[in-house]
Amino acid sequence: MSANRIMVIDDEKIVGDMAKLSLEQEGYAVETFLSAEPALERLKEEKFDVVVTDLKMKGIDGMEVLRIVKKLYPETKVIMITAFANLDAAIEALRGDVHDFFPKPVKIKELKASIQRALN
Amino acid sequence: MKNVIDRIKSLFGPSREDGGALSIKTVFRNFKEVLESNNRALEIIADMGDKLGGDYLFDINYIKSAYSELAGTVSNSLQNFDALTADKYLKLHEVSQRIDSQIKRLIYDVTPSRGVMVLSFKDITWNMFRDVGGKSAALAEMTNYLKLNIPEGFAITTSAYDEFVGHNLLRERIDSLRKSPAVEDRLLKELSDLIMSGTVPHDLDNAIGSAVEKIRETFGRGCFLAVRSSAEEEDGEHSFAGQFETVLNVPLDEKAIKDAYKKVLASLFSPNAVAYQTALGYRVGDIKMAAGCIVMVDAAKSGVIYTIAPNGDREIMVINSTWGLGVPVVEGQTDADMFMVKKEIEPELLGTRSGTKEYMVVRLEGGGVERVVTPEGMAGVPSLNAEEVSELARQAVYIEKHFRRPLDIEWAIDKSGRVFILQARSLLGMDSARRDTARRERTPESRPVLMKDKGIVVQKGAGGGRVFLLRHPGEIDGFPKGSVLVSKYDSSNFVRIMPYVSAIITDVGAPTSHMASLCREFRVPTVVNTGDATRIFEHGQEITLTVDEEGATAYDGIVNELLENEEKNSMRMEKLYEYRKRRYVLRYISMLNLVDPMLDNFSPEGCRTMHDILRFMHEKAVVELVANAGHGGEILKKHAAVKLDLPIPAGIVAIDIGGGLETGPGEGKAVFDQISCIPLRAVVRGMMHAGVWHADAVALKVGDFFSSMMRMPDLTADRSEYVGYNVAVVSGEYLNLSIRFGYHFTVLDCYCGENARNNHVYFRFIGGATDMVKRSRRVEFISSVLKEFGFTVTTKGDLLTGRLANVNRDGMEGVLDQLGRLLAFTRQLDAVLNDDASVERFVKNFIDGKYTI
């Protein structure tokens, strides 16, 4: 069985870097993107099991990513991460089809557990 | 006689000269506000340490908002501090603004403004990595933060490179090379030639000129420089080892330096270097070249240290060494000496291999270097002695611990024996060569568990070693490297052992103490407030401690699996450049440099971080409070005093500034049960402890009495109702007690509340009566007892001061109860301290709860 594929989209490099390093440790195949546009291009080519995306980004934002991902692959789980200030928007996202959401800073252990749940 | 009075008065603190003395209530309110703001600030610092510790995904917004709250809190604290100290430390504002702007520069990624072409090492910070290149950034880090001996120097930045390229119209040529699919060596050679014949732009010329002038002023004309490459990416993710030019022993002549600089620039385009860059995925022109100009060390011997063994064993480092300059070692061209050293614990030499070192490289008088045959009598002789090996190993452990990855360190020892570090870069490619340790240890489950899930977590992780049970603060000097520190209290004095301690366990303490910040900074697995660790562990016992969310668990013996897991986890995030860069801001926030208030650097100027500022304010706020509360006379005039009606004749009058007594209006007396001041209750309880108050005064010999008359003038000449009384200024949590028992003056200043971090005891004793010898025995007695309780004690003649801080409420009450007993017990003690042995005997008796004289 090949490794589960995780995509991480956040406009700050450090978030993707740290997520990649920790998630690869768990045996996942991780790809990171600094904005939604190239990430969505990549999604057209290939399916990912879980997409972790920042909510607020320049250009296409996290909500839009959620919509597109769900249209392309209804079974792909989306985890939203966001700054505390955008909590309301995050809750709105929860009403949609988001698997989970976390305010930043995100405890890596909790993110891992959430991904684990998403894959089961 | 007047002089004596002045002297004694001055011991009780300076009086306010401005006439507008603040009421003790105002002073105390300001004091409390300083403490409260400081606490909030320390909580933010602790949270930042946690969130940036590798367990969280964070972004710059978190750092921005956390820091902005921190800055606001510190500024609030500063305002109250100014009010408390009557603007005594205005310099602190300047210092805090400087630190603030350094932090903001990091957070907002402000790099040197365009056009800064030359930077002295001391002005370089981590976020200038891209400007000065990896090599210079690491050197600056070692000199500015590790305070290691690094030759002085300056960096020529990548902006200078841009200027040079633009000025000599080379940009287009580089771009065309960049676009061509295969780069011809001929074109590279042409580019190099153009660089060598190019001219240094006017502004850069001036900047280099003034940097050189500064070096000349400090080191004189006879000084030479090494001009070294320091490319943007060099010594970072890729080592670029040996790819670029280094020009050694360049005379302090501007033309020679500029030529060397051009050689370094040109080396960026040498066919080999370009091939290397291409292999790593860089195109021509992607990488910019900065240079470091460093004062040459007059090296007697030099070499390289690998902080892990070639087989990947992290416990062993290898030192290669040769006579003269290090070139032959770096280039692997000589049969150098090799020393294998076991690290962590006091470096232990495991093996030596003496090389033939058939030739050596030496400096030439007029500049440049020369390869010569090693003189007979040196060639086969080891170039380092045991002491030098140890010193190099110690420094290497320290540097590795700081950069948190295996390193390749270049060093030199000059003719007067001083060690210099010349470079430190990541040792790549050895990480994967992990030691294949057989599972020789049993699993943790089968290990006896000495302690489980205890205490408050300060820093997660695992550490193992021999237990060092600290009994007195002074013993810390004898701390063996690699041990596990077990101590009753925590102390910021532990900073000295931070690079070497494997783990820390304390009985009491708070996760936001100064020590706790240090532990996070150094990533030392630490747990505080375990209650009884000092009773669980034995001195010298080998243990392994793991600290996780649940608390600390200790296993008997060394459990290698736990330690190896730990090593992998903590090293992981450190590999990320972005992570290191972001985390770097903590160096200006949570590092603690002001540790010992007795040292000269304990000043506003000595503050280099936000934490230092908080530490300084805290210490000085306490001093100010003691000084103000010491004006017993002032206070008595202004506040209603209440006599304590106790079963012992302690003669204490209390002045309540809020919540210290439960007396009705106009009630002039209070019994023990009416004391609601936590510290006063504890002290008085101690005084009333059975047997400590000896009703029968010990008869003084005539000589003793005369001697005391000479020393103790009538301090209570101001005949008021309260003459002869001891004064306690109290609130719910605060006590300032000026007490005179017999012929001795004691000031006890104390804050004791629910938050351990706020708590302090300041104890000052001035001996009186009896002769000098007996007085000093009493000081020795008190000093020994206070140390037993964890105090840091200093004595000067018969003046003794003791400090204790950061102890939780229960611990404080225990200590204060003991101080009450001590005050009562020592009233007449020195009259019977007839020999040195009796001091020891009384200390032991006191600790054992035996109070008979």
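A crossing of two helices is right-handed if the near helix is turned clockwise from the far one by less than a right angle, and left-handed if it is turned anticlockwise. The legends below describe close-up views of a predicted model.

**Figure 1. Helices H1 and H5 of chain A pack against each other.** Helix H1(A) covers residues 13-25 and helix H5(A) covers residues 108-119; their axes lie 11 Å apart and form an angle of about 60°. The two helices are therefore oblique to each other, because the angle falls in none of the ranges for roughly parallel (under 35 degrees), roughly perpendicular (65 to 115) or roughly antiparallel (over 145). The crossing of H1(A) and H5(A) is right-handed. H1(A) contributes Met18(A), Ser22(A) and Leu23(A) to the contact, while H5(A) contributes Ile108(A), Lys112(A) and Ile115(A). Sorted by class, the residues of this contact are 4 nonpolar, 1 polar and 1 charged.

Figure 2. The side chains of Arg5(A) and Glu31(A) meet at 3.2 Å, N to O. Side chains of opposite charge can pair when their charged atoms come close. A search of the whole structure, over all chains, finds 56 salt bridges.

**Figure 3. Chain A and chain B share an interface.** The size of an interface is often given as the accessible area lost when the parts come together. Chain A and chain B bury about 1900 Å² between them, and 68% of this area is on carbon and sulfur atoms. In chain A, the residues that lose the most area to chain B are Ile14(A), Met18(A) and Pro105(A), which together account for 32% of what that side buries. The contact involves 17 residues of chain A and 18 residues of chain B. Met18(A) also takes part in the contact of H1(A) with H5(A).

**Figure 4. Lys104(A) and Pro105(A) are joined by a cis peptide bond.** The omega angle of this bond is about -5°. Most residues other than glycine have a negative phi, and most peptide bonds are trans. Pro105(A) is located in the loop between strand E5 (100-104) and strand E6 (106-107) of chain A. The side chain of Lys104(A) forms a salt bridge with that of Asp59(B), at 2.7 Å, N to O. The count of salt bridges between chain A and chain B is 1.

**Figure 5. Helices H8 and H10 of chain B pack in a roughly antiparallel manner.** H8(B) spans residues 185-197 and H10(B) spans residues 254-267; the axes are 9 Å apart, at an angle of about 160°. This angle is over 145 degrees, and H8(B) therefore counts as roughly antiparallel to H10(B). H8(B) passes H10(B) in a right-handed crossing. Ser192(B), Ile195(B) and Met196(B) of H8(B) are in contact with a group in H10(B) made up of Asp259(B), Lys262(B), Lys263(B), Leu265(B) and Ala266(B). The contact comprises 4 nonpolar, 1 polar and 3 charged residues.

**Figure 6. Helices H5 and H13 of chain B cross.** The axes of H5(B), residues 129-144, and H13(B), residues 386-403, come within 12 Å and cross at roughly 115°. The two helices are therefore roughly perpendicular to each other. Their crossing is right-handed. Ala138(B), Glu141(B) and Met142(B) of H5(B) meet Ile399(B), His402(B) and Phe403(B) of H13(B). By class, 4 of these residues are nonpolar, 1 is polar and 1 is charged.

**Figure 7. Lys357(B) has a positive phi.** The phi angle of Lys357(B) is about 45°, although this residue is not a glycine. Lys357(B) lies in the loop between strand E10 (348-353) and strand E11 (359-363) of chain B.

Methods:
Residues are numbered from 1 along each chain as its sequence is written. Chains are lettered from A and ligands numbered from 1 in the order in which they are written. This is a predicted model: local features need pLDDT of at least 70, side-chain atom pairs count only at pLDDT 80 or more; totals for chains, interfaces and linings use all residues. Side-chain values use heavy atoms; hydrogens and water are left out. Axes are lines fitted to C-alpha atoms, for helices over the stretch in contact, and angles run from 0 to 180 degrees between N-to-C directions. Helices (H or I, at least four residues) and strands (E, at least two) are DSSP runs, numbered from the N terminus. Contact means heavy atoms within 4.5 Å. Ala, Val, Leu, Ile, Met, Phe, Trp, Tyr, Cys and Pro count as nonpolar, Asp, Glu, Lys and Arg as charged, and the others, Gly among them, as polar. Buried area is the accessible area (1.4 Å probe) that two parts lose on being put together, summed over both. A salt bridge is a side-chain nitrogen of Lys or Arg within 4 Å of a carboxyl oxygen of Asp or Glu.
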